[in-house]
Every structure is written in structure tokens, then in C-alpha cells.
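I opened my notebook and wanted to see how far plain looking would get me. Here is what I looked up, in order.

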Amino acid sequence: MFESLTEKFNAVFKSLSGRGRITEANVSDAMRDVRKALLEADVSYNVVKKFCKDVSEAAIGAEVIKSLHPGQLLIKIVNDELTKLMGPVDSNIYFVSPGPTVIMLAGLQGCGKTTTAAKLGKYLVAKGKRPLLVADDLQRPAAIEQLIILGQQADIDVYSEDSKNSVKVAKRAVTHAQKNGYDVVVLDTAGRLHIDEDMMTEISNVAKAVEPHQIYLVCDSMTGQDAVNSAKEFNERLELDGVILTKLDGDARGGAALSVKAVTGKPIKFIGVGEKLDKLEEFHPDRMAGRILGMGDVVTLVEKAQEQFDAEEAEKLQRKMAKGSFGFDDFLKQTKAIKKMGGMKDMLKMMPGLGGKLGDMDFDDGQLKQIEAIAHSMTPRERREPDIIDSSRRRRIAAGSGTQPNDVSGLVKTFRRSRDMMKALSGGSFGGLKSLFSGGFNMDTLTAAMSAGRKIKQRSKRKRKIIRRGKIKRR
Amino acid sequence: MGIFTKTAEFFKDRLGKTRDKISSSLSSVLTLGRNIDEALLDKLEETLISDDIGIETTDKLITELRAAYRSRRIATTDDIVPFLKEHIKNYWPARDRQLRLAASGPSVILVAGVNGSGKTTSIAKLAYILSRNGKKVIVAACDTFRAAAVEQLSIWAERIGVQIIKHKTGSDPAAVAFDACEAAVARAADFLILDTAGRLHTQKDLMRQLTKIRNVVTGKIADAPNEVLLILDATTGQNAIVQAKMFTEAIDVTGIFLAKLDGTARGGIVIAIKDQLDIPVKFVGLGEKPEDIAEFDPDTFVEALFD
């Protein structure tokens, strides 16, 4: 019932304006689905709550292209935001000189520290380093033997002692590494509960004694809501540098990744994707986002629709260019598209037949705004047929846009020139382009001359606001 | 069976350690005589989901709560928690929680679970508590895959004084199970507990291998295994449901051993597992020592969900 109502509302809204926008009402169903998906993926309740609130607030107002439902676009936005939240990617291990670089692994029981230690060792060998694995889990029966065997399998040296003092073992292991020319020390520690005071004190003592350059929390990707509690405590006690997410070769959705990132703010460095020792991979936030949300089909649909939309617009534009009937209306549409696509340079690269030919031409996107202000102050007819702009119209446009009449005439002249350029380009004669540029098509001088330091009037400001609202601020 | 005496107190003692403010915020909305409203239900939802009960079972519980409210079985906020506690406790009737025993000959317990769930330690605990109560226990090291897994179980067997059947790492786990069954019968053991390698339920080959081990056991001892325990890490989230489902398909799980319940995780997922798959919890693990085991007690468990 509600869904069909929403759809009707959307249809009406779309037909009125030509395209819809995300509103609280038209995405509430989708938002509920998102919330459910995140909770089912084990993202912490409070993280989900905050995330959903932030995303829906920020997404409201975003434009929806005709072929899409606002809810679909929302899911794409959610997907992008999840990706951003779990990023940026930083799989670098920062090595110190002189060595050895000491890396300590910590985590709950059974999260996969020992296997990860061996995998990390193998990864380091592949990076040209000479690692030493240290068996500092003195609690679990046969934990030392396990690391020794894994070390043999990976052909990496393992340091171990028959001792009960993990602080001393760690210290002597580092000294051993220094003396014997190892580049990196990978310290395996005993699994412990974050609320086990004795064991948490022990691990901070180990950390104080050897001052590891990097401390990674090893976290089982199947962890549920408790992931926030343990990660928070480990981070407070040890000041983590990163997280390694294990057992991702299973089918757990891995919401713990988001929870841990949210409470610690530390990057997820690597993921474990199998029991074999080469199954350690660098972390990709986009893949993880898709996995947690589990709505890949909708995301793909939206991406395709957006591509399609852009392609159709580009084609229309190209036809107009070829005919030389490119007006200011098209120009305004383009500036919008340019912003959406990430800037003038990228946009020109996308133009058929233009890719790469522009070399290092520089365009300042900020200047577009002033040109936009002038274009917005024109009547529809003036935008279509700039040739009709006479001195009286020029004065009016200048007043409306807060510029001078000669700025307007300068823009119209340049516009005509660039229209001719586009026509020439569409015809494929590249030579025309160079002559036009050498003739002075230069946005810098143009806009500087036009309105140096002058205010852009209200209309333009409002427009910018809308654009900004469409974007989502990062937390 | 009288073996796990005093365990309810032990269970209670080990639970209820430092916890997030979640529960306190629940009690803050459960003020005396307040009417049941959406804000309160939201808080309740937060509590249940934070216990890993999962959105589906949480929705179900809240729907039942609403129905009880409408039909005036509950009137004020004071009735909410008692209502839910009672409701959840009823998921596990006493008969469900008893260890299944063989009518005669050795009772065989097959143990399985994903990597790192705590199988070997849990087996040590079971073996310890059984042998301390005068039972003759044999453990079998069928995890021939993971490095030093055989050594790990051997050390435990030695510490707690039970016999172990083992082969070399890398050998066929079904062959170990075969030998262990023969030994259990020949040596007139009361219990045979089989450890298996950790495996993700998505690994089809390894799940087939597990079925093979079970079949070998059934072939050697009629009606065995009597108990098939899935070891579940209490910190596991919603993935535990799929785990329980897939392991049940492979080896017909009869009960859950909820390990690592001494942390801040409450293991609420076992409610969803009982609700959706009808698999009861039988034991809980509450520490790293062999005696840190208790029979599952719904009262204590449920109290901890809301404390």
C-alpha cells in the first residue's frame, strides 16, 4: 500500500519536474531495507543507527534520473558511503631503518593470529624482506609448535623459547633479530578476552617492552555485535595501527569490518581468505561494502542507468555541436554534468574523438561559476540564440549577474568561438582546435577580465547550495 | 546426569562481567509505571540486537510482546523484561539439554565447528568433567590438518589424564575415527570424543569429509554418534545460523556447545538457532581452564541478556 503510494507520488513528481529528487518519504522503504541489511551483516546497532541517519540526511535532495527509483539511487549512495567509510586503503607496512621493524598481532582467542602471523611472514618475504616470526603465545597448548610448523612450511625462521614470560621472550626475540639481520619481527601473541585484566596488562607490558612499530588487531569476520566492545578495548590498551580481517573465505557478510573501523578509526590493512599461507590479500573497501550491503544488483543497475543517461546526453550534445546549434542552455546542462563527472578536464577527455588530444590543457572549474551566473541571467531565447544579444540586453544581463556589460560581450564572443571549435572538432579536423586555442580561448584570462573579485549573485549561490546538499559529507 | 553439579552457580558467577552501557540504558527507559511506547520498544530492540539475537527473531519477540500488551497480559513496563525472559527461557525445555547417551557401550560425541571456534579446548573441558566424575574417556585427534592440532589435543589428554587416539598430521581423519571407535569398544570406554579440523561450512569438500567421518563412526558403533556437538564461538554474529544449518546438513547436529561466553558477547544467536533450526544449547564454555565448563542453564543465560 505504502509502496504503491510512494511510486505514484514519484511518478507525479517526476512528470512535474522532469526528474525526481530524493526525499525522506520516497526513500523510507529503501532505508528500512538498508538498515535491515546492515544489521543482518552484523554491523553494530549504534553504528547502523548513526550511519543511516547521516546518509538519509545527506542524500535528501539528490537528483534522480528518470529511469531510476529514488530508493535505488539511495542504495547506490549507501554503497558509496560504506566504501568511503571503510577506506582509504592503506596496505603499506611502514618499515623503519635501521631495522628490525616490529609488528605485533593481538586479538581474541581463535580469531586467527597464528595463521595470520605466518601469512604475514610470507607476504613480507614476497616484498623482499627477511622476517622473523616470534612464538609469543605461551598460553595455548601447542601454539608454539603450530607457529614452528607454519614457519617450516613457509620457509621462514621462527623464534621460540621454553618460557612462561612473554615480555622476556619478546625482548630477546627482538635482540635476536637485531643481531641476526632480520628486517621484520612478527610477534604472535596469545588470544585473550578484552575484559581479562591480567592478560590485557600482560600484552601492554609486552608492547611497552619492545615498542612495536605496528600493532594490528586480528579480527574474525564472523564476529557479531561484540566486535565494537573488543576492538575498542584493544585500541585503548594498545593504540592499534591497523586491522586484519580473517576468515573472509566463508560467507559471513563481515559487518564487523565497518564496526571496527567506526570505533577504532584504524585502517583495515589485510584480509585472510583461506587456510593456505598465501591467502592474505590487501583490503578493498568497495568489495567489502558490496559484501556487507549485499545489494550488488541494485548498485549495478544504478551505475548502468547513470552511464546510459550520460551517454544519451553526450550524444544529444554531440549532434548539436556538429550542427553548430549549441546554445547557452546546452552549456548550462554541460556545466552541471561536468561537476557531476568530476571536472572539465575529465569531461573533455570523455568527449568522442577528443580523448588525449588535449594534452596538458588546464581548466579551472571554479571559473565556470561566473560564466554560469551570466548564462542564468539570460532569457531562454538569448541562451538559444546568443547572436541576438545587443547592448541593451547586455546591460540587463550584466546587472542580473553582477558583472559588467563587456564581461557579457566577452563571454558571448568566446562562446561563439568555442561553438565553432566544437563544430570543427566534431567534424574531426583537429587542426581547427589548435588555431582556436592560439586565438585566445583561455578561461583564465577570460574570467579574470570578466569579473575579478566580484560577487556572484544570489541565484548562483542558491544553485551551489543545492549541489552541495546533494553531496554527502564524510564523517 | 548429575555430573555437572553446581554448574549453574559457576555459570552465573562467570557471566555478568563488565558490559557496555546498553543494559543500563534499557533500565533507564523501564521506569516504573511508564506506558509502553515506541521509544521503549526501540530501546528494547537495541538490547536484543546487541545480544546478537538477530533482526528476525528480535522482530518476532517484539511482535509477541505487542500482542501480549494488546491482550493485556502485560500492562506496564515492569512486565516487559519478565515477559521476555519467560518467553525466551521456554525455548529450551530441560529434556532438550541433556547429553544423549548410548544404551550400552561407549557414548560417542562427535565435535565440529568453524576454525577458531574452540573445539579442542571444549573437548578438553568435556573430557575433564566426565573423567573427573569417574567416566572412562577416550579422545580422538581427527584434526589431522591444522599444524600442531594433534599436539594440542595430546597435551590436553596428558594434563587431564585421558587416553588419546592419534595418527600423524596429514593422515586420513576418517581412519583416526575408525581406530578410535575400535579402541573405545575394545577398552570399554564410557565416552569417545572425536575432535575434527575446523572448517568453514562453505567448503564443500571438507563438509563431505565430515559426513564421511560420521558415517565411519556409525558403521563401527550402532547408533553412534550419540551426540553431535557444534562448537559455536559466543562472539559469532548472524553467520552462526548458516553454520548451524550447514553442519546439520552434513552431520546432523544434536546440540550446541557455546564457547567463550565469559567475554562481553552474550551469544544471543543461539535463540535464533533454536527458533529457526530447533537445535538446543547443551554446554557453555566460560574460560580457558578445563574446569571452565557448565551445562547450559536457560535461566542464567536469559538473565544475562537483560542484566
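These are my entries on the predicted model shown above.

**Entry 1: chain A overall.** I started with the make-up of chain A, which has 21 helices and ten strands. Of its 475 residues, 51% are buried. I also checked contacts between residues at least 6 apart in sequence, and 77% of those in chain A join residues at least 24 apart.

**Entry 2: where the chains meet.** I then looked for charged pairs across the interface and found one salt bridge. It joins A:Arg35 to B:Glu45, with the closest N and O atoms 2.8 Å apart. I also noted 16 residue pairs in polar contact across the interface.

**Entry 3: a helix in chain B.** I picked helix H8 of chain B, residues 149-160, and checked its length. Its twelve residues should span 16 Å at 1.5 Å a residue, and the end C-alpha atoms are 17 Å apart, so that agrees. Its buried residues include B:Val150, B:Leu153, B:Trp156 and B:Ile160. I remembered that an α-helix has 3.6 residues a turn, so residues three or four places apart point the same way. What covers the buried residues of this helix includes helix H7 and strands E2, E3 and E4 of chain B. Just after the helix, B:Gly161 takes a positive phi of about 75°.

**Entry 4: salt bridges.** Searching the whole structure gave me 31 salt bridges over all chains. One of them pairs A:Glu303 with A:Lys76, at 3.1 Å between the closest N and O atoms. A:Glu303 sits in helix H12 of chain A and A:Lys76 in helix H4 of chain A, so the pair ties together parts 227 residues apart in sequence. Is A:Lys76 buried or exposed? A:Lys76 is buried, at 10% relative accessible area, while A:Glu303 is partly exposed at 32%. A:Lys76 and A:Glu303 also belong to a salt-bridge network with A:Asp80.

**Entry 5: one more pair.** In chain B, the side chains of B:Lys89 and B:Asp299 meet in a salt bridge at 3.8 Å, N to O. B:Lys89 is in helix H5 and B:Asp299 in helix H13 of chain B, so this pair ties together parts 210 residues apart in sequence.

Key:
Residues numbered from 1 in each chain as written. Chains lettered and ligands numbered in written order. Predicted model: local features only at pLDDT ≥ 70, side-chain atom pairs only at ≥ 80, totals over all residues. Heavy atoms only, no water. Salt bridge = Lys/Arg side-chain N within 4 Å of Asp/Glu carboxyl O. Polar contact = N/O pair within 3.5 Å; in protein donor to acceptor, adjacent residues only side chain to side chain. Helix = DSSP H or I, 4+ residues; strand = E, 2+ residues; numbered from the N terminus. Expected span 1.5 Å × (residues − 1). Buried < 20%, exposed > 50% of the residue type's maximum accessible area, 1.4 Å probe, protein only. Contact = heavy atoms within 4.5 Å.
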